Amino acid sequence: MSGLNLDDFATLIERPDPGVRRDAEERRERLGLRPAALGRLDELAEWLAAAQGAVPVKPVEQVTALVFAGDHGVAKLGVSGGPEEGAAELVKRALAGESAGAVLARRAGARLRIVDMAVDCDPAELPEEVTRHRVRRGSGRLDIEDALTAEEAEAAFRTGMAIADEEADSGTDLVVLGDLSVGGTTAAGTLIGALCGTDASVVTGRGGFGIDDLAWMRKCAAIRDGLRRARPVLGDQLELLAATGGADLAAATGFLLQSAVRRTPVILDGVVSAACALVAQRVAFRAPDWWLAGQASGDPAQAKALDRMALNPLLDHGVTVGEGTGALLALPLVQAAAALAAELPERG
């Protein structure tokens, strides 16, 4: 794809500062608490300090809950329990503050930012600030056709990169990454199955809305067909996203990689963000050092992806609703880790 060399990310992305992490560990030893008294909070604080390049760690105050939205043509096969109106209905609920993610973002003081990449509705139905990055109305049916053209995949990927730059430039401390999609978990399962070399049944979950056994079988068949189309393009991650991903997933992948370039830490939510992270890891192996897994959703594909990236979820509550909800539940833990590391006094 013209003008975009993914190999550059492997060079541009560095790990969080190991020297600062050692300084954070040494400061922790001077707090007077017995070793491991704060459990995983110590690890989180040291990770944050390395990401920020600062000891003591700075408070996590400016948080964006970023949600990429889109419809997937594969949903027409009856693989999703999402609303008939598609992702547009989910976006409207979130914008009205009436979704789980919107409630938790509001409670946490996080800015909710929704980016329509491929919602299948008239753009006039949604605010211009939401739709201005849209690549197309609905992604193609990944079981029989490409989800995106090469040009659409590159445009979506670049949109994600641009949004990562906007967040970094505005001083965002941390991003919670979610999705609002209908059919998105089928695309995610296909990507994860392809990258992990597994059969469709191993990566087919029940989705964000829950499906019965017949729908699960249809979803498994769609992922199986998608895997046949994904395997020939595994060597090119943009081609993979075009073939079996979608505009929302391509944008999230671009966002994750550019956020790592800009040293912006990210909390992943469910299977969709995990799939994008796994694609991004294929591009730049150091990128996962900038991410936390917020929660285990119970989706088998998410578990497969997180294991491959060696990311251990902070919570295990089985939250599948999407839109960053599970990751937002983990946000207070990260904020608490930062506060304890910064505010507990050193002992003589």
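Student: Why is Arg229 called partly exposed?

Tutor: Buried means under 20% relative accessible area and exposed means over 50%, with partly exposed in between (1.4 Å probe, protein chains only). Arg229 has a relative accessible area of 22%, so partly exposed is the label. Keep in mind that this is a predicted model, where local features need pLDDT of at least 70 and side-chain atom pairs count only at pLDDT 80 or more, while totals for chains, interfaces and linings use all residues. Residues are numbered from 1 along each chain as its sequence is written, and side-chain values use heavy atoms, with hydrogens and water left out.

Student: What makes Asp146 and Arg229 a salt bridge?

Tutor: You need a side-chain nitrogen of Lys or Arg within 4 Å of a carboxyl oxygen of Asp or Glu. Here the closest N and O atoms are 2.4 Å apart, so Asp146 and Arg229 pass. This pair links distant parts of the chain: Asp146 sits in the loop between helix H6 (128-131) and H7, Arg229 is in helix H9 (residues 213-230), and 83 residues separate them. Helices here are DSSP runs (H or I, at least four residues), strands are E runs of at least two, and both are numbered from the N terminus. Asp146 comes out at 43% relative accessibility, so Asp146 is partly exposed.

Student: How do you know that Arg40 and Glu43 form a salt bridge?

Tutor: The closest N and O atoms are 3.9 Å apart, so the pair falls within the cut-off. Arg40 and Glu43 are three residues apart in helix H3 (residues 40-52), which means about one helical turn between them. Both land in the middle class, with Arg40 at 26% and Glu43 at 40%. In total, the structure holds 22 salt bridges. Among them is a network linking Arg111, Arg113, Glu166 and Glu167.

Student: Why does Asp213 count as exposed?

Tutor: Asp213 has a relative accessible area of 52%, so the exposed limit is passed. The salt-bridge partner of Asp213 is Arg206, at 3.0 Å from N to O. Arg206 is at 38%, hence partly exposed.

Student: Why is the Phe9 and Phe157 pair called edge-to-face?

Tutor: A pair of aromatic rings is described by the distance of the centres and the angle of the planes. Rings of Phe, Tyr and Trp (its six-membered ring) pair if their centres lie within 6.5 Å; planes under 30 degrees apart count as stacked, over 60 as edge-to-face, and the rest as tilted. The whole structure has two aromatic pairs. For Phe9 and Phe157, the centres are 6.1 Å apart and the planes are at 65°, so the rings pair and the geometry is edge-to-face. Phe9 is in helix H1 and Phe157 in helix H7 (residues 150-169), 148 residues apart, so this pair too links distant parts of the chain. Both Phe9 and Phe157 are buried.

Student: What makes the phi of Ala36 worth a mention?

Tutor: Phi is near 70°, a positive value in a residue other than glycine. Ala36 lies in the loop between H2 and H3, and at 55% relative accessibility Ala36 counts as exposed. Arg263 also has a positive phi, near 60°, but at 31% Arg263 is partly exposed.
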